Amino acid sequence: MLAYYVEWHLKEVWRTSLFAEEDQAAQTTRDPASPAQRSAGAKAKAVRYTCKATTADDAPIFSVTTQPTPLRQRAQSLISGLAV
């Protein structure tokens, strides 16, 4: 029980970093019998990273678009497999 509790909290805290859907309100309006569709934001998040230099407080923030590495894809599949 404790493991599920910790897993739930970690997924909530890391929701913006994971490929999880952030628009929780959309889940209440969709048809539960139809397959879930990823939002445009979730699709974009799969290949977007926000970066900022740590040398100065006023350093510009920029996004880098990449493809996930095989290791990251494997890690994501393992994390997704934890959901019960």
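Visitor: What separates Lys-11 and Glu-7 in helix H1?

Guide: In this predicted model, Lys-11 and Glu-7 lie four residues apart in helix H1, which means that about one helical turn separates them.

Visitor: Why is the meeting of the Lys-11 and Glu-7 side chains called a salt bridge?

Guide: The term calls for a side-chain nitrogen of Lys or Arg within 4 Å of a carboxyl oxygen of Asp or Glu. Between Lys-11 and Glu-7 the distance from N to O is 3.1 Å, and a pair of Lys and Glu within 4 Å therefore qualifies. By this rule the count comes to one salt bridge.

Visitor: What makes Glu-7 count as buried?

Guide: Glu-7 has a relative accessibility of 18%, and buried means under 20%, so Glu-7 falls into that class.

Visitor: Which residues make the nonpolar surface patch with Val-6?

Guide: Together with Val-6, the patch of about 640 Å² is made by Leu-2, Tyr-5, Leu-10, Val-13 and Trp-14.

Visitor: How many of the residues of the chain count as buried, as a percentage?

Guide: Of its 84 residues, 14% count as buried, while the chain exposes about 6900 Å², with carbon and sulfur atoms supplying 63% of that area.

How values were computed:
Residues are numbered from 1 along each chain as its sequence is written. This is a predicted model: local features need pLDDT of at least 70, side-chain atom pairs count only at pLDDT 80 or more; totals for chains, interfaces and linings use all residues. Side-chain values use heavy atoms; hydrogens and water are left out. Patches are made of residues with over 30% relative accessible area and no salt bridge: like charges are joined within 9 Å, nonpolar side chains (Val, Leu, Ile, Met, Phe, Trp, Tyr) within 5 Å. Accessible areas come from the Shrake-Rupley method with a 1.4 Å probe; for residues, only the protein chains shown count as cover. Helices (H or I, at least four residues) and strands (E, at least two) are DSSP runs, numbered from the N terminus. Buried means under 20% relative accessible area, exposed over 50%, partly exposed in between (1.4 Å probe, protein chains only).
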